Amino acid sequence: MIDFSTAWASVADVDGWMTAGQARALYDASASAPEGGTIVEIGSFQGRSTIILASAAPEGVTVTAIDPHAGNDRGPQEIEGYADDAESDHARFNANLQRAGVADRVRHLRMFSDEALGEVAEIDVLYIDGAHRYGPALADIRQWGAKVRPGGTMLIHDSFSSIGVTGAIGRELLWSQRWRYVGRSRSLAIYRADTDVSSWKNAGRQLAQVPWFAKNVVLKVLISAKILRGREWPY
């Protein structure tokens with residue numbers, strides 16, 4: 001394991017959308033994986049979160065990063081049309097992992113998440129930061145979440161920030177009796193696979209995030225309309 005301060009410093013120049021608090025949540029979740037366990041990341045971009053997960057993973061834990069590097073869903077308002085950037089993203093991903101000293105800890109599957117379902121059996125820690133549209137986000141939460149072992153952790157980026165991801169959470173997790181909402185670091189929501197979840201209490205804790213979600217939607221509209229200039233895309 002690499003200590004958090006070193007891991008965080010190693011991603012200072014890696015492109016991506018992840019705060020120090022979110023990195024800490026990923027680091028702690030990864031560090032909690034049991035011996036011989038499995039960590040899966042959906043959506044790696046250029047390796048910012050991958051490096052954090054791999055840095056914290058205990059010896060013998062498999063870290064699988066799934067990203068097609070196809071030029072789709074690269075970031076805010078970059079849904080498609082970035083095919084020319086795909087190879088660059090892939091090359092930078094590999095170079096960044098090498099530079100951070102974690103390349104040998106990561107198994108990269110260069111494919112879309114639905115194509116990779118058969119490559120992993122059970123999961124201890126799942127991080128979802130793939131396509132943010134409702135359909136793909138729902139599929140990732142539902143299909144990959146089903147592979148998480150009891151007591152495992154699922155972290156979802158752009159929760160209560162992206163309309164598509166928030167809609168998928170509302171559909172699949174709001175009233176879930178399996179997934180307990182633990183909390184969030186900005187848009188990174190943390191869920192635990194429990195056997196005894198109070199659906200009403202769980203739903204209430206998630207619905208309490210609606211005002212923050214509404215604020216993020218308004219900010220995105222104002223930024224997109226260029227009314228707010230120089231303001232960072234909320235994540």
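How many cavities of 30 Å³ or more does a search of the whole structure find? The search finds one. A cavity here is a set of points, on a 1 Å grid over the protein atoms alone, where a 1.4 Å probe fits but cannot get out. Grid points are joined across faces, edges and corners, and a volume is the space filled by probe spheres set on the points.

The model is predicted, so local features need pLDDT of at least 70 and side-chain atom pairs count only at pLDDT 80 or more, while totals for chains, interfaces and linings use all residues. Residues are numbered from 1 along each chain as its sequence is written, and side-chain values use heavy atoms, with hydrogens and water left out.

The largest cavity holds about 30 Å³ of space. Its lining is made up of Ile128, Gly130, Ala131, His132, Ala137, Ile156, His157 and Val165. By class, five of these residues are nonpolar, three are polar and none is charged. In this scheme Ala, Val, Leu, Ile, Met, Phe, Trp, Tyr, Cys and Pro count as nonpolar, Asp, Glu, Lys and Arg as charged, and the others, Gly among them, as polar.

Pockets were examined as well. A pocket is an open set of points with protein on both sides within 12 Å along at least five of seven lines, and lining residues have an atom within 4 Å of a point. The second largest pocket contains about 160 Å³ of space. Arg186, Trp212, Lys215, Asn216, Leu219, Arg231, Glu232, Trp233, Pro234 and Tyr235 line this pocket. Its lining has five nonpolar, one polar and four charged residues.

The charged end of Arg184 sits over the ring of Trp212, 3.9 Å from its centre. The criterion is NZ of Lys or CZ of Arg within 6 Å of the ring centre and within 35 degrees of the ring normal.

Strands E6 and E7 form a hairpin with two residues between them, and Arg186 in the turn has a positive phi of about 50°. Helices (H or I, at least four residues) and strands (E, at least two) are DSSP runs, numbered from the N terminus. Two strands pair if DSSP finds at least two bridges between them. Strand E6 (residues 179–185) runs antiparallel to E7 and is joined to it by six bridges. Tyr181 has Tyr191 as its bridge partner in E7. Strand E5 (residues 148–156) also runs antiparallel to E7, with four bridges. Here Leu155 is partnered by Ile190 of E7.

Strand E7 (residues 188–193) is largely enclosed by the rest of the structure, because five of its six residues are buried. Buried means under 20% relative accessible area, exposed over 50%, and partly exposed in between (1.4 Å probe, protein chains only).

Aromatic contacts form a further theme. The whole structure holds six aromatic pairs. In the pair of Phe4 and Trp8, the ring centres are 6.5 Å apart and the planes stand at 10°, so the pair is stacked. Rings of Phe, Tyr and Trp (its six-membered ring) pair if their centres lie within 6.5 Å; planes under 30 degrees apart count as stacked, over 60 as edge-to-face and the rest as tilted. Both residues lie in helix H1 (residues 4–10), four residues apart, about one turn of the helix. Phe4 is buried at 15% relative accessible area, whereas Trp8 is partly exposed at 26%. Phe4 and Tyr27 have ring centres 5.5 Å apart and planes at 75°, so this pair is edge-to-face. Phe4 lies in helix H1 and Tyr27 in helix H2 (residues 20–31), so the pair ties together parts that are 23 residues apart in sequence. Tyr27 is buried, as is Phe4. Ring pairs link Phe4, Trp8 and Tyr27 into a cluster. The charged end of Arg24 sits over the ring of Phe4, 4.5 Å from its centre.

Two loop residues also have positive phi. Phe45, with phi near 50°, lies in the loop between strand E1 (38–42) and helix H3 (48–56). Phe45 is buried, with a relative accessible area of 15%. Asp158 has phi near 65° and is found in the loop between E5 and helix H6 (163–172). Asp158 is buried too, at 7%.
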